[in-house]
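Here is a short walk through one protein model. Have the sequence and the coordinates open side by side as you read.

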Amino acid sequence: MRILISFIFLGIIIPYTTFGGYAEDILTLSEKKSSVNAAKNIFFYIDQDNSLQFDQISSPAFNKFTSWNSTDNLSFEYGTGSYWAKVDIQNKDDQYREWLVEVAYAPLDELEFYLVKNEKLVDHHLTGDHVNYSERPIDHHNYLFPVALENLESATIYFRVKTNGIVKLPVNLYQPWKYAEVNSKYEVTYGILLGILAMLCILSIVTFLPTRDWSYLIFPLPLVAKIMFTFSLTGHTFQYLFPTSPVMANMITPLSIALWMLGESMFNLYFLKTRKLSKAAFYLNIFGFTLSIATIITSVFLSYYAAIKLVTATAIPFSISALTLGIIAYNKGQRNARYYISAWSVYIFGLMIFVGFATGHLPDTFFTQHALEFGDLFMAPLLFTALSKKYAVYREQKNEAIKQMLDMEAKAKVTLEAKVVERTLELQEATTELEEKTEELETQANQLEIKNEEVTSQAEELQSMNDQMLETNTELEQINEEIAAQRDMMEIKNKKLEVVTKSLQDSINYAQRIQKTILPQNKDFDTFFEDHFIMYRPKHTISGDFYWVTENTKEDKVVLIAADCTGHGVPGALMSVLGGGYLDKIINLKKITSPARILIEMHQNIQSLTSQEDALMNDGMDMGVLVWDRKEKKVTFAGTHTPLVFVQNNKLFSIKGDRFNLGSNHKKIQIKEHSIPLTEESSFYLFSDGFQDQFGGDHNKKISIKRLKELILMLSQKPMKVQHDAFIKFFESWKDKNNEKQIDDVLLMGVKIKA
């Protein structure tokens, strides 16, 4: 009886247990399952030495396979060995005999597929993104292998994976019609995603045309890079762009992320204006830019394994630095930065989920697989919204500026009307005073008649005195002889003095040639300004006034300076030569383009000169500095005792310089900068005080700054050459009216700058 029970146990129970357990590991295919995931039926083995061949792996004696035992897809981190996997399948559907096996992970270097029936190899394919695309059994961006099984027929599928990246082996089996349905939905979804990104690129470029904001033109660059990255992950790059070049198809994955970081760094530079935001923001932006350049170089010259690890390691720090830039910008008052912060927050969340999925730390789900695409789908519209808000803020600021200008114009009109009334009252009072003066003159005329009678009496007395003078002539003749002797001595001294005077004049003439050489030439002004003039008239041969112009090509700025050294003649000329040298050091060597900073630097240089015991002079200078920013389309001005007069839209504006003398003993320096936007062509004038202080005219008075401004406004619409001739003609006519001499050096410059 015991023997019978033992036979029953051995013959029925044990086989049932053995084959029953085996049956649970077989993946069954039936009409009820049009698609099935093979993850929980997969066995795997890792060949660290790459030493085993398929014959050894598929041998019945090989028993080192381990059950994956998870519903998540087979996944391993970076490795250099070979990864073997197998799955046993059986078809229990007599209607469907054709099935498709899909490995839905494109970034695999080598993937070998083996199909074994009845312990015989019936099909074998070698593919992967290191193998030409034409070797794939089915033309598709993923890896598809056809399998034919009769009803109740079994087979074993083997895979060998060798890759330098992360190992993932998501294996799914589909009935052909079901795969066509799933694949079409997949392609449509990706088409919509890429269509949204492409539409945003087109909208950004179209918006750039009217705004001329470089942020809109740079915005599509990172989007195009992300499209390339998405294409490379899904295998479309290999399928459509480089089917015969696996090297290029692999290089695109890390290279596209590196180009994305480069594009985002450039976008941050122009959108957030990090250069003006703060030093920390600018250095953080440069850090991202440097990181992207380094990643581009490694993507091109290093192996795919090294490049993909570097990209994975730098993507999150780069994204966090970009988010930090947005926070800094928002704290500095950029309201549109809140959309930028939201965009990067969503993207970093998606990026971290994707990295966790790619490294095997997060489960393989639809959300984790496509977390990066979801991040892009939210990030791109939010960044475009930030751009749109930036333009809206700019438009509001422009409207506010226009409103302020209109208010200023209205206030100026009211002030002008009040001044007209005040001036009328003053004229009435002057008329009354003139009538009183006339009465006084009539009284004085009567008094003069009385005086004439007194003069006649005095003339008689003078005749008597003349007789006495004749007697003294004899004495004067003797004196004249003595004077003649002295005159001969004076002629000798005069000849010596003429020699000394000629030598001094020759030296002054030579100094004049030196000063002309130092001053900018007309060709220098022609380089920077299309229309300009310079009225430069020293009081003596050499001048204490001087002008200076240069260009900072890196910042695309032009610096124009007018200066008036204290004194004129030789001392003033020497100071002007020193001033030109200091300007060359400050602007061309130190690359300083801030008007206020230029004046402070000049003040310190002159102070250091005048503080020395053997200093050349203790004088200083007045100076006006105009900086034309061609990139930002604005003019910035600062001056000391030197004004800036400019004309826009047939209206004259004047900015006074600070009441401060360069080189003086002031210890606390405060110089204000004035910014003038260029919305249309404008005329700018810089000058010393020599023109307006010149005496002459009908009443021998100064020209005055008021009369100079009226003359500027009247001539401003004419070409600068015509203005130059008119200013000279007016100056000479005014001076010669009463045969007045020029009292000071004269410098007057005008330039026209287009918007």
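What follows covers a sheet, the helices on it, a tryptophan and some aromatic rings.

First, some housekeeping: this is a predicted model, where local features need pLDDT of at least 70, side-chain atom pairs count only at pLDDT 80 or more, and totals for chains, interfaces and linings use all residues. Residues are numbered from 1 along each chain as its sequence is written, and side-chain values use heavy atoms, with hydrogens and water left out.

**The sheet and its helices**

Let's start with an open sheet of five strands, ordered E14-E25-E22-E19-E20 and paired antiparallel. Strands (E, at least two residues) and helices (H or I, at least four) are DSSP runs numbered from the N terminus, and two strands pair if DSSP finds at least two bridges between them. E14 (531-537) and E20 (651-655) are the edge strands with a single partner each, so one side of each has no neighbour in the sheet. From one strand to the next, the twist averages 15 degrees.

E14 pairs with E25 (residues 746-753) over seven bridges, and Phe 533 sits opposite Gly 750 in E25. Helix H17 (residues 705-715) packs on the sheet, touching E19 (644-648), E20 and E22 (682-687), and makes about 140 degrees with E20. H18, meanwhile, lies across E14, E22 and E25 at about 25 degrees to E14. These angles run from 0 to 180 degrees between N-to-C directions, with axes fitted to C-alpha atoms, for helices over the stretch in contact.

**Trp 734**

Trp 734 belongs to H18 (residues 720-736). Is Trp 734 buried or exposed? Its relative accessibility is 15%, so Trp 734 counts as buried (under 20% relative accessible area, with exposed over 50% and partly exposed in between; 1.4 Å probe, protein chains only). Beyond its neighbours within four places in sequence, its contacts (heavy atoms within 4.5 Å) include Gln 694, Gly 696, Lys 702 and Arg 707. The C-alpha atoms of Trp 734 and Gly 696 are 5.1 Å apart, although 38 residues separate them along the chain.

**Rings and charges**

Phe 113 and Phe 145 are stacked, because their ring centres are 4.4 Å apart and their planes at 5 degrees (rings of Phe, Tyr and Trp, its six-membered ring, pair with centres within 6.5 Å; stacked means planes under 30 degrees apart, edge-to-face over 60, tilted the rest). Both residues are buried.

Two charges sit over rings (NZ of Lys or CZ of Arg within 6 Å of the ring centre and within 35 degrees of the ring normal):

| Charge | Ring | Distance to ring centre |
|---|---|---|
| Lys 226 | Trp 260 | 5.1 Å |
| Arg 630 | Trp 628 | 5.6 Å |
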